[in-house]
Amino acid sequence: MSVARLRDIPGFNIDRVAAAAGDDPGVLRMENLDTDIPPPAEAMEATREAIGEDEANSWLPFTGRDDLKEAVAAYIERRGGPSYDGRREIVITSGDGDAMLDALFCLTDPGDEVILTDPTYAGMLNRVRLVGAIPRLVPLYVAEGEWRLDLEALRAAVTDGTRVLFISSPSLPTGWVASDEEWSAIASICRERELWLLYLAWFESILYDDRPIRHPDALPGMRDRTVTVGAVSLEQRMIAWRVGWVVAPGDLANDVSRVQIYNGLVPSGFAQIGARVALGLPDDHLHAANAECQRRRDETLRQLDGLPVVRPAGTWSLLLDVAALGLDCVEVSDRLLEQKVAATPMRGWGGEIADRHVRFVFSNEPVERLSLLGDRVRRALPAAKAGN
């Protein structure tokens, strides 16, 4: 029997799909947030050189290397964010997952309410539940071919029990990117209701169609009301390094430090050294990776043309609305596997909106293989409902 805190926390679905796909090279691997685009060469070399160094093989410092903290602060500032004191306001974590959990432990008590979007990343939603807080969902909807946030529903969702707005932009699994109007509304609510903004920034600059980076902590009154979670997992494509951070203004960083010490302790020193080098590089590698992922996004959209999909403005994934075809997301995922396409059902990634969809991650397959997608998807769907 599970303890109560796990009662409403489902499995991830990704692992089930991945296990079913096995190691068949013919399967299009679109179920997991991986990429075959390598990390920056300089970061890999720095990591290799650091392995074996005594200072890179230590429990210390518990809250992360000072040079990495300063690199994170500089990285944020050069992208238009505010200035932070790296040594005092940044805690290095063992990846983005630890960072989210650390922040939620410091921002909420059991029973407090946290607002998220529907759909949202399941890792955000279920970490809210793990700390004993209560998730409240606000819908994303489609307007003019893109995802938008329902601002009226957002304002209505805030109660006296609300403590945090937990937002990622660009957002998984939709690719929603908050507009200036949406960020302004979010900031206004945080200021007026004295709420925290917990901002998951791991996809921050993975944007398409020349969209600009927007820093919510740079908005008026938001620097000291925003806690930022970041990592080198996605922008630098350093997934296995497991290095993340929490930017916590003022004395809040002391609380985050205490949680991290007893939660993840510290990532490996050599991984931190590689991460520091990556953050100090020009953005050329990122621009090249984004251009390639935009090609893959566009090919995926071309392959699914005529089906109910929404163009993502950022991230590495998009959604197919299978409920619009009268189908169930888990059933469609199973049918897709029969046609050698691994794609994850979004049940458990929000509420009724998430439940309508199957997710396709396009970052881990080259365009040439993505060209196989359309025929396989249509074979997996009933012909009449798929529009054939």
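Modeller: Let us start with Asp 209, which counts as partly exposed at 32% relative accessibility (buried means under 20% relative accessible area, exposed over 50%, partly exposed in between, with a 1.4 Å probe and protein chains only). The model is predicted, so local features need pLDDT of at least 70 and side-chain atom pairs 80 or more, while totals for chains, interfaces and linings use all residues. Residues are numbered from 1 along each chain as its sequence is written, and side-chain values use heavy atoms, without hydrogens and water.

Colleague: What is the phi of Asp 209, and where does the residue lie?

Modeller: Most residues other than glycine have a negative phi, and most peptide bonds are trans. Asp 209, however, has a positive phi near 60°, and it lies in the loop between β7 (196-200) and β8 (226-231) (strands, E, at least two residues, and helices, H or I, at least four, are DSSP runs numbered from the N terminus). Arg 242, also not a glycine, has a positive phi of about 55°; Arg 242 is found in the loop between β8 and β9 (244-247) and is partly exposed at 32% relative accessibility.

Colleague: Which peptide bonds are cis?

Modeller: Among them is the bond from Leu 60 to Pro 61, with omega near -10°, where Pro 61 sits in the loop between α2 and α3. Another joins Ser 169 and Pro 170, with omega about -5°, and Pro 170 lies in the loop between β6 (162-168) and α8 (180-193).
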